[in-house]
Amino acid sequence: MSRIAAKFAALKAEGRGALIPFLEAYDPDPATSMAILRGMPGAGADLIEIGVPFTDPMADGPIIQLAGQRGLKAGATLAGTLAMVRDFRAEDDATPVILMGYLNPILSYGADRFVTDAAASGVDGLIVVDMPPEEAEVLAPAAQAAGMDIIRLVAPTTDDARLPLVLNASSGFVYYVAITGITGTRSADPEALRAAIPRIRAHTDLPIAIGFGVRTPEQAGFAAKVADGAVVASALIDTLAKSLDEQGRARPDSVRKVLDQVRALAAAVRG
Amino acid sequence: MNQLLKPNTFKSGPDSAGRFGGFGGRYVAETLMPLILEVEAAYAKAKADPSFDAEWRRLLKDYVGRPSPLWYAERVTEHCRAQAEPGKGAKVYFKRDELNHTGAHKINAVLGQILLAKRMGKKRIIAETGAGQHGVATATACALFNLPCTVFMGATDVERQQPNVFRMKLLGAEVVAVTSGAATLKDAMNEALRHWVANVEDTYYCIGTVAGPHPYPMMVRDFQSVIGEETRVQMQEAEGRLPDLLVAAIGGGSNAMGLFYPFLDDPSVQMHGVEAGGHGIETVTGHAASLTGGRPGVLHGNRTYLLQDEFGQILEGHSISAGLDYPGVGPEHSWLHELGRVQYVNATDKEALDAFQLCSRLEGIIPALEPAHALAHVLKVAPTLPAETLIVMNMCGRGDKDIFTVAGHLGVKL
């Protein structure tokens, strides 16, 4: 069983949903983001999503755009991000790690070489924002053969006719984009989520995590209850960004502030 | 091996997946995917409806002023012949799309798209713009059709294209200055896509060039093909035969695609697309020549040639022309480039600046900096070709918007 499947099975036995915090690789420097990554499981992360910096993140709001720019400025590459996962795996063999990013850096690395290296580094799943099922052939078959899940985004605009196409190509879990919009710009509407999640459930047995617009412990707790997991990204990046000094460097308490927030989110998810 | 075989027709693309060979496609976030499919279905339906075409052609004739003339550029021809060996020096024609209402070819595709948006019941229009030509065209059509219009423009371009910013505002459009990235066209397109994701219900995204996710590259090409269709007829009338060489500037490549497309299956017609060479394509980020100085990748919804670093991060292009400094190019151009059907060359900032001045003095036509790149190439090749060779260059825009930029480069303060 894959790490992702095993984790969701264990959480189900525990009777709760997952907390999936996000960090951007190399933001604001490799050591700080590595320290956040290392600290996340202890702070209550059930799965971890790592953003791979890209110059043109078209589905991301200003908070993650800036995080990506800080990461790139600090020298982030796809290879460097894989090295982070490899280092993390040396200490933690249980927490699933999902990479989230855009297709061009992967194509530039070489899709097949990337799949081999990512699997060897201990990456469990991939979210490639600008790769809809229609364009997945370049990456998905190889990734799945290597044992990595392709986690698909389902949006409020994804209608019932389209849902099977998206869900049939998914594995690991389904990432429900709670808002029609970019990351970190508005909050998910609980009523809309109560209606949307059963609609998706009717089409799949995969766990469903809710992301985009999940910021507070209350929102995370609700999302993990109505679905199977909550992804929190911009709110954590925001905390990190606000902790930086005038030159954009991490302060001694930057890592702790982010991890404290993860702890608060985890407590809410554990209800 | 098969991929090296040339197709029976160069006009067959794209396929049902929106691909021109290995290029094109629909690389967008899932939120946008249903909307892209909706645009595709709506366009297919409109294309099959004669009343859609009739309404669009009525607007082109009575509002835009089409057909645009085909002008024999006699003094440019004489200039080239003066530098050529006896018997050489091609005959140069300009396809005068700078005479269109709003001053460039952009209005052709904007009117088609706005008619489509109305059919789709969309209540507002967004667009991105670099030099401002597409933004002005979109703002104009939105005024005509009483639709709210928001134009995303890089803050750098807002600064260097003040006349067009003012024009858009006069026409009632909201201009949003985009400050992310290098604040140029690429970033304006990112921001327009982000805005579209957040407003999918009532908003139509009017794309300015033959790039973006399918069906945009095909749709914008179809609308711009009016340029080449007119050229065919006009050249038959003027010379009794087809032209030998077509030359057009390439940023995203919409004016070039429009001129080239109707001639793609005519083997006697050669085509040269002229990219922005900036400070020279040997410089790392000093040019915007995606085809001659980039490599394939995925950006803004399509797979195409891009300016990018070794890690797949997108590089900022440079050109003296704000309309050409896009780091990508339309996917059909990438396909035609790999097939060798069209030759892609480049002209530097300086060559374009020289051609800009030359054209103004010799023909009494102040060209936009975009076609000034095409003209710079014409000035290079015309003297080497036999005198009976017929060249058509697309004068895709007029230079009013560029006089401040040019004056700055010439050390003149306006």
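Biologist: Before we count anything, what is a salt bridge here?

Modeller: A side-chain nitrogen of Lys or Arg within 4 Å of a carboxyl oxygen of Asp or Glu. Keep in mind that this is a predicted model.

Biologist: Fine. How many salt bridges are there between chain B and chain A?

Modeller: Three. One of the pairs that meet the rule is A:Asp56 with B:Lys186. Their closest N and O atoms are 2.8 Å apart.

Biologist: And how many residue pairs are in polar contact across that interface?

Modeller: The rule finds 20, with both residues at pLDDT 80 or more.

Biologist: Which elements of chain B give two or more residues to the side touching chain A?

Modeller: Two strands and two helices: S2 (23-27), S11 (295-299), H1 (33-47) and H8 (185-198). The largest share is from H8(B), with seven residues.

Biologist: How do the residues on that side of chain B divide: nonpolar, polar, charged?

Modeller: There are 16 nonpolar, 10 polar and nine charged.

Biologist: Now size. How much area do chain B and chain A bury between them?

Modeller: About 2700 Å², with 53% of it on carbon and sulfur atoms. Chain B brings 35 residues to the contact, and chain A brings 36.

Biologist: Which residues in chain B lose the most area to chain A?

Modeller: B:Glu30, B:Arg194 and B:Gln313. Together they make up 26% of what that side buries.

Biologist: Switching to rings. How many aromatic pairs turn up over all chains?

Modeller: A search of the whole structure gives 14. Take B:Phe52 and B:Phe223: their ring centres are 6.4 Å apart and their planes are at 45°.

Biologist: Where do B:Phe52 and B:Phe223 sit in the chain?

Modeller: B:Phe52 is in helix H2 (residues 50-64) and B:Phe223 in helix H9 (residues 216-224), both of chain B. They are 171 residues apart, so the pair links distant parts of the chain.

Biologist: Is B:Phe52 buried or exposed?

Modeller: Buried, at 6% relative accessible area. B:Phe223 is buried too, at 3%.

Biologist: What about B:Trp196 and B:Tyr205?

Modeller: Edge-to-face, because the planes are at 70°. The centres are 5.6 Å apart. B:Trp196 is buried at 1% relative accessible area, and B:Tyr205 is buried at 0%.

Definitions and conventions: Residues are numbered from 1 along each chain as its sequence is written. Chains are lettered from A and ligands numbered from 1 in the order in which they are written. Side-chain values use heavy atoms; hydrogens and water are left out. Contact means heavy atoms within 4.5 Å. Buried area is the accessible area (1.4 Å probe) that two parts lose on being put together, summed over both. A polar contact is a pair of N or O atoms within 3.5 Å; within protein, one must be able to donate a hydrogen and the other to accept it, and residues adjacent in sequence count only if both atoms are side-chain atoms. Helices (H or I, at least four residues) and strands (E, at least two) are DSSP runs, numbered from the N terminus. Ala, Val, Leu, Ile, Met, Phe, Trp, Tyr, Cys and Pro count as nonpolar, Asp, Glu, Lys and Arg as charged, and the others, Gly among them, as polar. Rings of Phe, Tyr and Trp (its six-membered ring) pair if their centres lie within 6.5 Å; planes under 30 degrees apart count as stacked, over 60 as edge-to-face and the rest as tilted. Buried means under 20% relative accessible area, exposed over 50%, partly exposed in between (1.4 Å probe, protein chains only).
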